[in-house]
Amino acid sequence: MLTAVRQFNLTIWLVILSTFAGRFVLFMIWPFLAILLHRKFGLNEFEVGIFLALATAAGVVFGFYVGYLSDKLGRRKIMIAGLVLSIISMIVLGTADSLLMLFAGTLLQALARPMVEDPGRALMTDMVQDRDVKDMALHVRYFALNVGAATGPMLGAAAGLTGQQATFLLLGAVYGLYLAAAAIVFNIERPLQGSTMAANFSLGDVVRVLRRDNAFMLFVFAGLICSIAYGQIDAGLVQYLQQQSVVDIATLYAFLIGTNAATIVVFQFPLLKLTAGISPFLRAMIGVTLFAAGFLGFGLTPVEPPFALLVAMFILSLGEAILFPTMNIIIDRLAIPEMKGSYFGAFSFSVFGFALAPLVGGSLLYWFGGLVLWLLMTFFSVLVALLFFLADRFSERTV
């Protein structure tokens with residue numbers, strides 16, 4: 001494990017450290033956007049769902065084209081453009097005083113995010129040739145993401161920054177530092193392997209290749225359903241706590257998100273070692289099965305006192321620690337090397353589930369209540385495990 005980490009270069013460390021910093025600040029504010037929309041602009045659960053779904057959907061559709069462009073034009077150019085757009089979106093969000101401006105900022109952020117994150121993951125694996133180093137880079141990136149998510153809400157709450165609109169401006173400053181560091185590092189290092197598809201493949205050619213990859217298409221569909229379920233941890237869970245009349249929602253939700261991220265920080269690498277001999281698809285099935293157990297816990301346990309709710313989050317988080325790093329590894333192994341950016345971009349269609357998640361969760365909460373929401377998410381998790389099994393069977397390459 002340490003041997004692989006020692007082979008990380010400046011670009012890999014840049015992506016890892018910037019991911020940590022971005023998530024540290026992002027989780028001080030982004031999950032609380034639903035509360036801001038409700039309290040400041042008077043939107044109900046269903047309207048909040050539509051607001052978030054429209055912006056996220058635009059980003060998802062754009063994400064596939066971004067993946068293709070990263071193969072054609074270069075990942076680093078797309079990342080630089082995405083960072084500039086991220087800074088602009090944070091300024092808009094931090095200063096918006098109308099619902100229209102807030103939506104514009106949310107839309108810009110949804111467009112910028114795949115320009116930074118999808119090419120960033122592909123770039124990390126472009127920088128090295130050794131398979132173990134590639135896998136470890138993806139694991140450490142996810143680890144850093146969760147360290148930021150664990151510490152951001154708690155330290156933000158202590159500093160009085162959690163849930164404050166002005167925190168978006170702080171996140172914009174973090175993206176500014178990322179942009180400056182990227183400009184320096186990208187000028188020093190070059191990827192070991194560049195894309196060779198630019199002169200030979202059109203966007204239509206890429207789409208045809210992806211459509212013929214049955215294992216990958218099943219995997220994308222499974223990821224879509226999984227995103228709908230896991231997306232409830234954001235707006236769905238916050239609105240559920242609000243519906244249950246929790247007095248201090250911000251503090252409880254910060255502890256729940258902190259539990260989620262801290263569990264991953266503590267257990268990700270021990271679980272990696274424990275499951276090292278298991279195939280990636282089987283690991284993914286184990287992870288999503290733990291999702292099902294966690295969602296069932298949300299539906300069957302009281303919110304006051306919150307101890308049982310924290311246990312349910314702990315179980316779900318163990319599943320996340322196994323599942324999400326493994327999904328990145330599966331994409332990297334399924335992808336045709338010349339089309340890696342397009343594969344990561346195409347998988348962003350599964351993130352459309354995050355666009356649907358606020359709408360699905362808000363609608364279920366508004367019309368049926370929390371129990372129906374969490375039972376349906378339990379069923380979705382079991383369905384995803386079955387789809388992973390089928391994708392593994394359809395796979396024509398060793399994963």
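Asn 9 sits in the loop that joins α1 (2–5) to α2. Leaving out residues up to four places away in sequence, Asn 9 touches Met 127 and Glu 189. As you look around the structure, please keep in mind that this is a predicted model.

## The overall fold

What does the secondary structure of the protein chain come to? The tally is 17 helices and zero strands. The protein chain has 399 residues, and 57% of them are buried.

The contacts tell us about the chain as well. Taking those with a separation of 6 or more, 85% are between residues 24 or more positions apart.

Is α10 mostly covered or mostly uncovered? It is mostly covered, with 14 of its 17 residues buried.

Helix α8 can be checked in the same manner. Its 22 residues should span 32 Å at 1.5 Å a residue, and because its end C-alpha atoms are 32 Å apart, the two values agree. Among the buried residues of α8 are Thr 167, Phe 168, Leu 171, Tyr 175, Tyr 178, Val 185 and Phe 186.

In soluble globular proteins, nonpolar side chains tend to be buried together. Here the largest nonpolar core has 66 residues, and the members that touch the most others are Leu 241 and Phe 388. Eight helices each supply at least two residues of this core: α10 (214–230), α11 (235–243), α12 (249–274), α13 (280–300), α14 (307–334), α15 (340–347), α16 (352–367) and α17 (370–394). Of these, α14 provides the largest share, 13 residues.

Which residues does Phe 388 touch, not counting residues up to four places away in sequence? They are Phe 219, Ala 222, Phe 281, Ala 284, Met 285, Val 288, Leu 323 and Met 327. There is also a second, separate core of 41 residues, which includes Phe 51, Met 79, Tyr 178 and Val 185.

## Asn 328 in helix α14

Helix α14 also holds Asn 328. This residue has a relative accessibility of 7% and therefore counts as buried. Once residues up to four places away in sequence are set aside, Asn 328 touches Arg 121, Leu 138, Arg 141 and Phe 344.

## The largest cavity

How many cavities of 30 Å³ or more are there? The count comes to four. The largest has a volume of about 1,200 Å³. Its lining is made of 48 residues, and those nearest its centre are Arg 23, Arg 113, Glu 117, Val 351 and Phe 354. Helix α6 (residues 99–126) gives the largest share of that lining, eight residues. Sorted by class, the lining of the largest cavity has 27 nonpolar, 13 polar and eight charged residues.

Arg 113 deserves a visit of its own. It lies in helix α6 and, with a relative accessibility of 30%, counts as partly exposed. Neighbours within four places in sequence aside, Arg 113 is in contact with Arg 23 and Leu 26. Arg 113 and Gly 59 are 54 residues apart in sequence, yet their C-alpha atoms are 7.6 Å apart in space.

## The second largest cavity

The second largest cavity has a volume of about 210 Å³. It is lined by 18 residues, with Arg 23, Val 116, Glu 117, Tyr 175 and Tyr 178 closest to its centre. The elements that give two or more residues to this lining are α2 (10–29), α5 (75–95), α6 and α8 (167–188).

Which helix gives the most to the lining of the second largest cavity? That is α6, with seven residues. By class, the lining of the second largest cavity has seven nonpolar, six polar and five charged residues.

Key: Residues numbered from 1 in each chain as written. Predicted model: local features only at pLDDT ≥ 70, side-chain atom pairs only at ≥ 80, totals over all residues. Heavy atoms only, no water. Core = buried A, V, L, I, M, F, W, Y, C linked by side-chain atoms within 4.5 Å. Buried < 20%, exposed > 50% of the residue type's maximum accessible area, 1.4 Å probe, protein only. Helix = DSSP H or I, 4+ residues; strand = E, 2+ residues; numbered from the N terminus. Contact = heavy atoms within 4.5 Å. 1 Å grid on protein atoms, 1.4 Å probe; cavity = no way out; pocket = protein on both sides within 12 Å on 5 of 7 lines; lining within 4 Å. Points joined across faces, edges and corners; volume = space filled by probe spheres on them. Nonpolar A, V, L, I, M, F, W, Y, C, P; charged D, E, K, R; others polar. Expected span 1.5 Å × (residues − 1).
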